[in-house]
Amino acid sequence: MSLTRRFRPAHRQFATVRLRHPDISSSRRLHVRPISYSSIPRFVARAFRVPIAGITIAAGGLGYANYKIEGISSRISSPLMTLRTATTVLPLKTREIHATGLRRKMPPSPPSSPATLSAPSDSTKASDNRLDSRQNGLMHLTKKLIEIRTMLLSIDQSDSLKLPSIVVIGSQSSGKSSVLEAVVGHEFLPKGNNMVTRRPIELTLIHTPPIANGDTPEEYGEFPALGLGKITNFAHIQQTLTDLNLAVPASEAVSNEPIDLRIYSPHVPDLTLIDLPGYIQIASMDQPDSLKEKIASLCEKYIREPNIVLAVCAADVDLANSPALRASRKLDPLGLRTIGVVTKMDLVPPEQGVSILQGNRYPLHLGYVGVVA
């Protein structure tokens with residue numbers, strides 16, 4: 001009997017203990033669980049069950065995020081390599097073209113003998129060929145930079161890389177629209193007596209090469225955000241721009257949300273132009289009182305470095321009163337990034353026009369260009 005008791009396995013995991021308290025007439029049962037070395041791993045596993053599940057979920061989330069980041073990196077790795085090459089090669093090519101241009105401007109030295117009469121002509125042809133090839137290389141490089149900018153805009157990463165654009169500023173009725181339409185070769189910008197340009201228009205010009213059979217490629221425009229496809233009628237483009245601008249509520253009058261427009265044509269260079277609302281002197285009765293400050297703030301946002309500023313001024317208005325030159329001088333005091341475009345040159349005498357274009361009173365590093373409408 002004693003041997004049976006001694007070697008009987010312990011199947012019971014719980015023991016029942018009855019406690020009696022002198023103040024409590026009723027009794028209660030307590031379950032006591034014995035602790036053994038074999039139960040410790042189960043306690044540890046249960047204690048770490050929730051943290052392990054959380055770590056597993058976090059690891060899965062990090063893996064998915066890493067997968068998405070690698071996908072985006074693979075999309076922009078090739079354009080970024082092109083950009084690094086561009087930033088290295090562009091200054092060198094610019095200096096080479098400038099040096100070649102200076103050599104072309106220098107008068108050739110007189111020949112010392114008849115045997116060398118053909119040498120200047122050959123060298124001139126060779127330098128012209130080198131200059132043309134370098135200019136073609138720069139145009140190809142500019143097109144690649146525009147493609148990189150377009151790709152960054154498509155993935156909402158436009159702020160990660162700042163590429164220079166040409167920003168067109170000027171007062172209302174200064175001729176901004178005429179200058180841009182002269183570059184494109186079509187009338188496509190909104191026009192009207194009231195303020196019709198209420199949103200920035202980011203205009204991307206893309207040069208289309210000739211077709212293999214010699215036909216001229218078709219000119220068309222696209223609004224990528226609207227999904228309208230190819231628009232070959234520029235009057236339709238003008239009407240779409242007018243509707244998008246007039247959709248801005250009258251209480252705001254100006255919106256910071258840009259309009260993305262791309263124009264494909266064999267007659268345009270690869271450029272990125274930004275048309276901004278024109279400066280005003282005083283708000284009308286149906287416009288908010290802060291409209292003048294809102295336009296100035298919007299223009300200051302775009303004319304910062306590294307953008308090139310196209311300050312459009314009318315020739316029949318004193319340059320001292322030009323809001324475009326005033327704004328550009330505020331952010332470009334030395335005039336290193338500003339080009340003065342003087343419109344309506346046919347409204348002033350020739351002597352006054354020459355004085356304006358010389359830029360003696362308000363010098364600009366890139367000079368002035370006169371435009372006759």
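Student: Where is the place of Pro 288?

Tutor: The model is a predicted one, in which local features need pLDDT of at least 70, side-chain atom pairs count only at pLDDT 80 or more, and totals for chains, interfaces and linings use all residues. Residues are numbered from 1 along each chain as its sequence is written, and side-chain values use heavy atoms, with hydrogens and water left out. Helices (H or I, at least four residues) and strands (E, at least two) are DSSP runs, numbered from the N terminus. On that basis, Pro 288 lies in the loop between β7 and α7 (291-302).

Student: Is Pro 288 buried or exposed?

Tutor: Buried means under 20% relative accessible area, exposed over 50%, and partly exposed in between (1.4 Å probe, protein chains only). Because its relative accessibility is 18%, Pro 288 counts as buried.

Student: Which residues is Pro 288 in contact with, leaving aside its neighbours within four places in sequence?

Tutor: Contact means heavy atoms within 4.5 Å. The C-alpha atoms of Pro 288 and Ala 253 are 7.3 Å apart, although 35 residues separate the two in sequence. Beyond four places in sequence, the contacts of Pro 288 are Ala 250, Ser 251, Glu 252, Ala 253 and Ala 283.

Student: Which residues are buried in helix α5?

Tutor: The helix spans residues 176-184. Its buried residues are covered by elements including β3 (166-170), β4 (201-207) and β7 (271-275). Those buried residues are Lys 176, Ser 177, Val 179, Leu 180, Glu 181 and Val 184.

Student: What supplies the largest share of the lining of the second largest cavity?

Tutor: On a 1 Å grid over the protein atoms alone, a cavity is a set of points where a 1.4 Å probe fits but cannot get out, and lining residues have an atom within 4 Å of a point. The second largest cavity holds about 30 Å³ of space, where a volume is the space filled by probe spheres set on the points, joined across faces, edges and corners. Its lining consists of Leu 180, Leu 189, Ile 201, Leu 203, Leu 273, Ile 274 and Asp 275. The largest share, 3 residues, comes from β7.

Student: How many disulfides does the count come to?

Tutor: A disulfide is a pair of cysteine sulfur atoms within 2.5 Å. Cys 299 is buried at 0% relative accessibility, and Cys 313 is buried at 4%. By the distance rule, the number of disulfides is 0.

How values were computed. 1 Å grid on protein atoms, 1.4 Å probe; cavity = no way out; pocket = protein on both sides within 12 Å on 5 of 7 lines; lining within 4 Å.
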